[in-house]
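Please go through the model below with attention to its helices and to a few backbone features in its loops. The report that follows takes these in turn.

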Amino acid sequence: MTDHEGRCSALAAEFEKARARGRRIGLRKSTSNLFRQRDSAGKHLIDVSGFDHVLAIDPERMTADIEGMITYEALVDATLPHGLLPAVVPQLKTITVGGAVSGLGIESSSFKFGLVHETVESMDILLGDGRLVHCSCRENRDLFFGFPNSYGTLGYALRLTVRLIPAKPYIRLVHTRFSDPESYFTRVEEVCAEGHADYLDGTIFSREEMYLTEAEFVEHAPSTSDYTYMEIYYRSIQRKAQDWLTARDYIWRWDTDWFWCSKQFHLQTPAIRRLFKWGLNSRTYQRIMRLSYRLMPDSGGTESVIQDVDIPIGNAPEFFEFLLPEIGITPVWMCPFNTRVWDLSPLREGLHVNFGFWDVIPSTHEKGYFNRKIEKKTMELGGAKGLYSSAWYDEPEFWRIYDRKRYGELKQAYDPAGVFPDLYSKCVRRH
Ligand SMILES: Cc1cc2nc3c(=O)[nH]c(=O)nc-3n(C[C@H](O)[C@H](O)[C@H](O)COP(=O)(O)OP(=O)(O)OC[C@H]3O[C@@H](n4cnc5c(N)ncnc54)[C@H](O)[C@@H]3O)c2cc1C
């Protein structure tokens, strides 16, 4: 028995124990990027932190065989010495491969390679009854195509084979400024169609100040910037027309300041920042966030708006015109991606734009007022939002978006005893 098989057997036994006691099952991991707070009292938390190994890298086939709870930071550290990178690397070091596949993980290469699950060749999923099922586009196809966007409600991915791409040592970035949304999104479409760039994303500071960042692998760089300490990446976009980073620093350019959200902890003030050299990363920020949820429960007067919203490219200018005046959060991250149809993904085939906006805003309205507005506008424009943070849909509305019939069939086939909660209970219900 390999070490991985040993870990699987031990986990299946722990599952069995929890089920025998009739307890709800939850994951115990050392990191989590979820922004929907739930009470874990009464749950049997299963320790899966040991599933964080690279089992093999095949440079010929350009694939990595890995365990499901490995962080992208560890995976990138393992592939780069081979001159390879995962085809899609979500931008925070602590995001895990299983979390990104069971959600709809994304990054700036997604306009070429699709969402994270579209770069997966096969998976081993631990079901609620303790069975380990291998699935791919040939075997157990329904589970393979039904797993993305299931958020651990069908089973847990313990082992995956993911596609890698060739990398070069450096990345050259070109930041182009736009001052009207129509030409901005037209250019996004053009760059995606041309296909010359290796990476493409954007940063919106205001209606008049929007940047598109095209990035490409290069063998040499005249000099490289460093955004891991005192220099702040998102500010550099406003100052530099072009820039060079090592491939590793490009991949983690957003991690140092959690995009720009480190401002919540005053870490963009130089005197404070200087003291926290080793704490400038997503691992620290999510720990502080979790602690603050516990110490300072929501006291009213504000609303937390932490959302990633996916909109078909043709409707992106309209969403943009809604977002800035009605919600008022800036900066906004803009990331184009191409996707195909997957069972539980509410997105249609084609080019979309992901808008990421994360802040706490003043509110004199009822709870969830701004988040509801975003959900309604997103539905109206044929889009969908990530379910990793708070959702306010009522149940009929939710199931109109997330295909109750197909989900019910998958649940019946793979979790008939309801060991895991259903998608609505897990992602929307607060109690
Ligand atoms: C500021 C900010 C920036 C972000 N940037 C990005 C980004 O660039 N790209 C991106 O893709 N996302 C981004 N996100 C969202 C983030 O990807 C999601 O929160 C993601 O679900 C986190 O995955 P995790 O690995 O931390 O999983 P967790 O937070 O631990 O879990 C997420 C969900 O997945 C389930 N799950 C976890 N592991 C598995 C598994 N092995 N098998 C089955 N189900 C599992 C859990 O049960 C849970 O429901 C961002 C969020 C914020 C707030």
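The buried residues of helix H12 are covered by elements that include strand S13 (302-312), helix H11, strand S15 (350-362), strand S16 (384-385) and helix H13 (395-401); helices here are DSSP runs of H or I with at least four residues, strands are runs of E with at least two, and both are numbered from the N terminus. The residues of H12 that are buried, meaning under 20% relative accessible area, with exposed being over 50% and partly exposed in between (1.4 Å probe, protein chains only), are Phe370, Asn371, Arg372, Ile374, Glu375, Lys377 and Thr378. This is a predicted model, in which local features need pLDDT of at least 70 and side-chain atom pairs count only at pLDDT 80 or more, whereas totals for chains, interfaces and linings use all residues. Residues are numbered from 1 along each chain as its sequence is written, and side-chain values use heavy atoms, with hydrogens and water left out.

**Packing of H11 and H12**

Two packed helices are described by the angle between their axes and the distance between the axes. For H11 (residues 316-326) and H12 (residues 369-380) the angle is about 170° and the axes are 11 Å apart, where axes are lines fitted to C-alpha atoms, for helices over the stretch in contact, and angles run from 0 to 180 degrees between N-to-C directions. The two helices are therefore roughly antiparallel to each other, a term for angles over 145 degrees, while those under 35 count as roughly parallel, 65 to 115 as roughly perpendicular and the rest as oblique. On the H11 side, Glu318, Phe319, Phe322 and Glu326 meet Phe370, Lys373, Ile374, Lys377, Thr378 and Glu380 of H12, contact meaning heavy atoms within 4.5 Å.

**Helix H1**

The buried residues of H1 are His4, Cys8, Leu11, Phe15 and Ala18. Seen down the helix axis, these buried residues fall within an arc of 85°, so they line one face of H1; the arc is that of the directions from the helix axis to the C-beta atoms. The face turned away from this buried side carries the exposed residues Asp3 and Ala20.

**Methionine 69**

Methionine 69 is found in the loop between strand S4 (63-67) and helix H2 (72-79), and it is buried, with a relative accessible area of 10%. Leaving aside neighbours within four places in sequence, methionine 69 is in contact with Leu27, Lys29, Val48, Phe51, Asp52, Thr96, Tyr156, Ala157 and Leu158. The C-alpha atoms of methionine 69 and leucine 158, which are 89 residues apart along the chain, are separated by 7.2 Å.

**Backbone features**

| Residue | Phi | Setting |
|---|---|---|
| Glycine 22 | near 70° | follows H1 |
| Asparagine 140 | about 45° | not a glycine |
| Glycine 382 | about 75° | just after H12 |
| Aspartate 403 | near 55° | a residue other than glycine |

Asparagine 140 lies in the loop between strand S7 (132-136) and helix H5 (141-146), and at 35% relative accessibility it counts as partly exposed. Aspartate 403, in the loop between H13 and helix H14 (404-414), is partly exposed, with a relative accessible area of 34%. A further backbone feature is the peptide bond from threonine 330 to proline 331, which is cis, with omega near -10°; proline 331 is found in the loop between H11 and strand S14 (332-339).
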